[in-house]
Amino acid sequence: MEKESVIEIRNLNKSFGSNHVLTNFEMDLLKGENLAVLGKSGSGKSVLIKCIIGLYFPEQGSIKLFDRDISEFDHYEWDRVRQRIGFLFQSNALYDSMTIRENLEFPLRRHELKHLTDKETENLIIDTLSNVGLEHTIDMMPSELSGGMRKRIALARALILKPEIILYDEPTTGLDPITSREISHLILEVQKKYNTSSIIISHDMSCINIASNRIIMLIEGRCYAQGDYDHLKNMEDEKVKEFFL
Amino acid sequence: MKNWLNIKNFLDEIGGISNFIARFFQEGFKPRYEFAELIRQCYWVGYKSLPLVGITAFIMGLVLTIQSRPTLVKFGAESMLPMMVSVSLVREISPVITALICAGKVGSGMGAELGSMRVTEQIDAMEVSGTNPFKYLIVTRIIATTLMLPILSNLSNAISLYGGYLGVNIRGNISWHLYWTQVFNAISYSDLLPSVIKTFFFGFAIGVVGCYKGYFSSKGTEGVGRSANSAVVIASLLVFIIDLIAVQIVDLLGLT
Ligand SMILES: Nc1ncnc2c1ncn2[C@@H]1O[C@H](COP(=O)(O)OP(=O)(O)OP(=O)(O)O)[C@@H](O)[C@H]1O
Ligand SMILES: [Mg+2]
């Protein structure tokens, strides 16, 4: 049986002025899979997932989230859909002026959720932090943490609403190989534990190998090739080979 | 060609700021209201600027008094000193100095803070966390500066007049009671009211420019610095332009 897809992108076009970033891009994210999107710097990977979450508006084409076209969403529906999607930003995007606790509280407080008591909120925060192994940082400021720790806090913040889809924008860039392997395993663990579907943007082949089930190559604004790790590794195409050198 | 580009940039900027103001009025008065954040911003803008505003006001009052004395003595009008000083302080000097200090401190702070939030995607992160960043960050800041500037300016009036009292007493001798009687005789509501009203506009301008520059900061840390810098320059310039317009209006209305 064909698996149902939670994100469906057809014929997506996005440009900034004369810079055509995405042209006729097509992609499906199936339920329960970890899909890696691979592409060179500046190829439009971040633009792609920002289109999915509604931070950029595509000029042409359709994006369906949970079987609904995003162009039909109003403000409230966006709020509701975004509660089901976790987003890890490339630059972490931790709020500098808030402690780690407030950072994690922010999505909880801001989405109009069924009301959590203070105790429940606190427990949820500690729980999520212990998932990434950083309970002790709860009262620190982001500026007091190392780059890798910040990445993990950002990951915790993306996970706190127990989303069904998670979009990871370069989860391991700038980290040492050991930490980045830890993060890759964490991503895999999250997939198993909460049965999430994810898009993982990365150039880190070892992370992609560990954490993803399927890979899409984003080259020249299109979905150039796709398949699992071994399939792509053995392809003869020059542009694909570059990534596996 | 170069000149033409400059003019185009200038007009673009004005268009951008006008849009920004329109958006403020569109979004600012619809729910949901961010009261907690507004209070926090008022605290930052108002309370945190108070020491700086206070010290400057005190010095301005003192210095102005000391420097005005010789001229008045020449005309044998030394007893007019409290009157003259109080009118110039309340009508012009203390609102404008307060606004300039806030343009420097608050305007650049906002430009830098929002700019770095933009560059590090914190503004995007707010948006995906069920928050309208324009309301949460911009509307609260603009309202905070608009409300706090008049309060700061009035405190600055009081403090600078106290500085004036000390200034008069350095060479002369005037009782506390007599000084304030003279001051209040000199100042009427038609002096105070226009000066309070214009500080609302000063505050609004400072908030709008600081937020606009930060919110649309260009990528990179260099962009943040540039935002903060141009926020101060434009806000200070606007303070003087508003002051110029205000004096014309007051003049036309015959409130002199
Ligand atoms: N807000 C924007 N305004 C104008 N151009 C943009 C904007 N955002 C992205 N671009 C352009 O879109 C292209 C793709 O950018 P994007 O950030 O998606 O790259 P990326 O694949 O994520 O690269 P990296 O791996 O370096 O993060 C770049 O050429 C960039 O200049
Ligand atoms: Mg990117």
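**Figure 1. Overall fold of chain B in the predicted model.** Chain B is built from nine helices and zero strands, where helices are DSSP runs of H or I of at least four residues and strands are runs of E of at least two, numbered from the N terminus. Read along the sequence, its pattern is accordingly α-α-α-α-α-α-α-α-α. Along the principal axes, the C-alpha atoms of chain B fill a box of roughly 65 × 50 × 35 Å. The model is predicted, so that local features need pLDDT of at least 70 and side-chain atom pairs count only at pLDDT 80 or more, while totals for chains, interfaces and linings use all residues. Residues are numbered from 1 along each chain as its sequence is written, chains are lettered from A and ligands numbered from 1 in the order in which they are written, and side-chain values use heavy atoms, with hydrogens and water left out.

**Figure 2. The interface of chain A and chain B.** The contact, defined by heavy atoms within 4.5 Å, takes 20 residues from chain A and 14 residues from chain B. About 1700 Å² is buried between the two chains, with carbon and sulfur atoms giving 48% of it; buried area is the accessible area (1.4 Å probe) that two parts lose on being put together, summed over both. On the side of chain A, A:Leu55, A:Tyr95 and A:Arg110 lose the most area to chain B, together 33% of what that side buries.

Figure 3. One of the salt bridges joins A:Lys50 to B:Asp124, with the closest N and O atoms 3.6 Å apart. Helix H1 (45-53), helix H2 (75-83) and helix H3 (100-110) of chain A each supply at least two residues of the side of chain A that touches chain B, and H3(A) gives the most, with four residues.

**Figure 4. The six-stranded open sheet of chain A.** The strands follow the order S6-S7-S8-S3-S9-S10 with mixed pairing, two strands being paired if DSSP finds at least two bridges between them. Strand S6 (85-88) and strand S10 (222-227) of chain A are the edge strands, each pairing on one side only, and the twist averages 15° from one strand to the next. Helix H5 (residues 147-159) of chain A packs on this sheet, touching S6 and S7 of chain A, and its direction makes about 165° with that of S6(A); axes are lines fitted to C-alpha atoms, for helices over the stretch in contact, and angles run from 0 to 180 degrees between N-to-C directions. Within the sheet, strand S7 (residues 165-169) and strand S8 (residues 197-201) of chain A pair in the parallel sense over five bridges, and the bridge partner of A:Asp169 in S8(A) is A:Ile201.

Figure 5. The side chains of A:Lys239 and A:Glu220 meet in a salt bridge at 2.8 Å, N to O. Because A:Lys239 lies in helix H9 (residues 238-241) of chain A and A:Glu220 in the loop between strand S9 (214-219) and S10 of chain A, the pair ties together parts that are 19 residues apart in sequence.

Methods: Salt bridge = Lys/Arg side-chain N within 4 Å of Asp/Glu carboxyl O.
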